[in-house]
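Reader: I would like to learn how to read a model of this kind, one feature at a time. Please give the general idea and then the case at hand.

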Amino acid sequence: MKNILLKSAIITPLFVLLLSSCNGEKKESLTKEPAIAVKVSGASENNNGQFITASGKIEAENSANLSTRMMGYVTKIHVQVGQKVNEGQLLVSINNTDLQAKKAQVDASILQATAGYNNAKKDYDRFVNLFKQQSASQKELDDMTARYEMAKAGLEGAKQMRNEVMAQFSYSNITAPFAGVVTNTFVKEGDMANPGMPLVSVEGASKLQVTAMVSENDISSIKKGMAVKVLVKSSNKSLNGKVNEVSLSAKNTGGQYLVKINLDKTDSSVLSGMFVNVQFPVTNAMQTKTNEKVLVPESALVQQGQLIGIYTIGTGNIAILRWLRVGKNFGNQVEVLSGLSANEHYIVSAEGKLYNGALVSVQ
């Protein structure tokens, strides 16, 4: 028993000594963790960007979904998506066998009506001469005149029927209404084309415009002819434009107002369908409201799920993740509604992976 107590008395101090040495090594390793080099900036107020912003989308000024008025099988699609087409170029052909039969019938009726008209005209001219020679009565001349007029009307009616049939042929051969690019084909060869069903989509490649939705708080500051800046989100490219249309009703647009902007000449990298931010310049009363906005670079934000935050510097040069409530985008900057005050420092960039509580070194 004494031996057991003696052994335990010896082992216990050794265990405590070993445990304390491990803790010392852990603390030493923590203290040796290098600080992450970061760059710090202060939140800026929007003192020089006196504008309001709205999201929009680039689209072609001329665009059309082409359909037909007749029913029939699609016999051939003459174009592919992305192909450039000229005005009047054939795009889609629809089976028109029934129209060919109607055209043959109309042509036959025109020949018949022409023969009747020529015969009636000869008889009419003959009776006019006989009447002048008092060899025909007024009644006979009147009857012949009526027959002539009926034959003439019959020929004209047959010709108009032919015009109607020929007009139907334009719906069996779908052509481009303007020069542009084929953006979509909704059918393939062998499909049944129905009246009103879109077959091909064409967009004009010459001019682009932006369709933007503006809130009711900002629409009163936007005027037709106003010069604006358009920022393409995908490439961060800045374009110039001018307000062309301003809708004064939000009945059919979900409470927001439709504004169309004509873009100046663009290069091939700007395509229809790209999303943009439109910056509208504001004046006087709106400037004071805009100047109070606190903006931070979008690259400094941290997103985790639905939460958006930013790293600030705490006591002892410790990184602290602070959650924010953000508003609109102003170019590559984001408006901070709450969570960060003006002139408060935050981390713009870091040379390592930041986390909450990380030791940092301000460069």
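Reader: Does Tyr148 count as buried or exposed?

Author: Relative accessible area decides this: under 20% is buried, over 50% is exposed, and anything in between is partly exposed (1.4 Å probe, protein chains only). Tyr148 has 11% relative accessibility, so Tyr148 counts as buried. Bear in mind that this is a predicted model, in which local features need pLDDT of at least 70, side-chain atom pairs count only at pLDDT 80 or more, and totals for chains, interfaces and linings use all residues. Residues are numbered from 1 along each chain as its sequence is written, and side-chain values use heavy atoms, with hydrogens and water left out.

Reader: What is the mean pLDDT of the protein?

Author: pLDDT is the predictor's confidence in each residue, from 0 to 100. Here the mean is 81, and 86% of the residues reach 70 or more. Residues 1-31 stay under 50, and the model has one contact for them beyond four places in sequence. Residues 284-290 are also below 50, but that stretch has eleven contacts in the model beyond near neighbours in sequence. A contact means heavy atoms within 4.5 Å.

Reader: How many helices and strands does the secondary structure hold?

Author: Helices (H or I, at least four residues) and strands (E, at least two) are DSSP runs, numbered from the N terminus. The protein has four helices and 23 strands. Of its 363 residues, 33% are buried. Among contacts with a separation of 6 or more, 72% join residues 24 or more positions apart.

Reader: How is an aromatic pair described, and which residues form the stacked one?

Author: A pair of aromatic rings is described by the distance of the centres and the angle of the planes. Rings of Phe, Tyr and Trp (its six-membered ring) pair if their centres lie within 6.5 Å; planes under 30 degrees apart are stacked, over 60 edge-to-face, and the rest tilted. There are two aromatic pairs in the structure. Tyr124 and Tyr148 form a stacked one, at 4.9 Å centre to centre with 10° between the planes. Tyr124 lies in helix H2 (residues 97-132) and Tyr148 in helix H3 (residues 138-169), so the pair ties together parts that are 24 residues apart in sequence. Tyr124, at 24% relative accessibility, counts as partly exposed.

Reader: What is the phi of Gln134?

Author: Gln134 has a positive phi of about 60° although it is not a glycine. Gln134 lies in the loop between H2 and H3, and at 74% relative accessibility it counts as exposed. Asn317, also not a glycine, has a positive phi of about 55°. Asn317 sits in the loop between strand S19 (307-314) and strand S20 (318-330), and at 36% relative accessibility it counts as partly exposed.

Reader: How many residues does the largest nonpolar core have?

Author: A nonpolar core is a set of buried Ala, Val, Leu, Ile, Met, Phe, Trp, Tyr and Cys residues joined through side-chain atoms within 4.5 Å. The largest has 26 residues, and Ile58, Ile261, Val278 and Phe280 have the most contacts inside it. Strands that each supply at least two of its residues include S3 (51-60), S15 (257-263) and S16 (275-281). Apart from this core lies another, of 18 residues, among them Leu66, Leu91, Val92 and Val202.
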